[in-house]
Amino acid sequence: MAWEAVDVGRRGQTGAPKSARPVWRGRNLPRQAESRVEAAAAALDRGRERDALRMLEPIRRETPDAPSVLSLRGLALYRLGRYGAAAKELEELRHEADFADLMPVLMDCRRAQKRHGAVDKLWEELRATSPG
């Protein structure tokens, strides 16, 4: 599994939470789709969230449970301020081993939706997985 740190905040937003963008190569993803996922990740890195979503849509139809697609879509939707849709994508990843890195993004989505009880639950979950 490869990791790349990215600023998950919207363009121009200061104090945006930082997270790591997981790129699970080859896991639930056809080989020919890997390069398209990498292209979508590059678009997201350049602040082209809508382009990333457009590139990921056909891959999502082919492999709806691919973690790399779900995480990239979740981050793109988050940056666009579509918090409900972003949370839906990220919720599908909650049982992944390395989801703690995306937890702050999901927490901020829930905060933006004024679902403070859900944020509290996520904090508890994060505390339980954090070493210290």
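Biologist: How many of the ten residues of helix H5 (residues 103-112) are buried?

Modeller: Seven of the ten are buried, and H5 is mostly covered. Buried means under 20% relative accessible area, exposed over 50% and partly exposed in between, for a 1.4 Å probe and protein chains only. Helices (H or I, at least four residues) and strands (E, at least two) are DSSP runs numbered from the N terminus. This is a predicted model, where local features need pLDDT of at least 70 and side-chain atom pairs pLDDT 80 or more, while totals for chains, interfaces and linings use all residues. Residues are numbered from 1 along each chain as its sequence is written, and side-chain values use heavy atoms, without hydrogens and water.

Biologist: Which residues in H5 are buried?

Modeller: They are Met103, Val105, Leu106, Met107, Asp108, Cys109 and Arg110.

Biologist: What is methionine 103 in contact with, beyond its neighbours within four places in sequence?

Modeller: Methionine 103 touches Leu122, Glu125 and Leu126, contact being heavy atoms within 4.5 Å. Its relative accessible area is 2%, which is why methionine 103 counts as buried. Between the C-alpha atoms of methionine 103 and glutamate 91 the distance is 9.5 Å, and the two are twelve residues apart in sequence.

Biologist: What describes two packed helices?

Modeller: The angle between their axes and the distance between the axes. Here the axes are lines fitted to C-alpha atoms over the stretch in contact, with angles from 0 to 180 degrees between N-to-C directions. For helix H1 (residues 31-45) and H2, the axes come within 8 Å and cross at roughly 155°.

Biologist: Which residues make the contact?

Modeller: H1 supplies Ala33, Arg36, Val37, Ala39, Ala40, Ala43 and Leu44, and H2 supplies Glu49, Asp51, Ala52, Met55, Leu56, Pro58, Ile59 and Glu62. By class, the contact of H1 with H2 has eleven nonpolar, no polar and four charged residues. Ala, Val, Leu, Ile, Met, Phe, Trp, Tyr, Cys and Pro count as nonpolar, Asp, Glu, Lys and Arg as charged, and the others, Gly among them, as polar.

Biologist: At what angle do H2 and H3 pack?

Modeller: Helix H2 (residues 49-62) and helix H3 (residues 67-79) pack at about 150°, with axes 9 Å apart. So H2 and H3 are roughly antiparallel to each other. From H2, Glu49, Leu53, Leu56, Glu57, Ile59 and Arg60 meet Val69, Leu70, Leu72, Arg73, Ala76, Leu77 and Arg79 of H3. The contact of H2 with H3 divides into eight nonpolar, no polar and five charged residues.

Biologist: How many aromatic pairs does a search of the whole structure find?

Modeller: One. Tyrosine 78 and tyrosine 83 form this edge-to-face pair, 5.7 Å centre to centre with 70° between the planes. Rings of Phe, Tyr and Trp (its six-membered ring) pair if their centres lie within 6.5 Å, and planes under 30 degrees apart are stacked, over 60 edge-to-face and the rest tilted. Tyrosine 78 counts as buried because its relative accessibility is 1%.

Biologist: How many helices and strands does the protein chain have?

Modeller: The chain has six helices and two strands, in the order β-β-α-α-α-α-α-α from the N terminus on. Of its 132 residues, 45% are buried.

Definitions and conventions: Angles under 35 degrees count as roughly parallel, over 145 as roughly antiparallel, 65 to 115 as roughly perpendicular and the rest as oblique.
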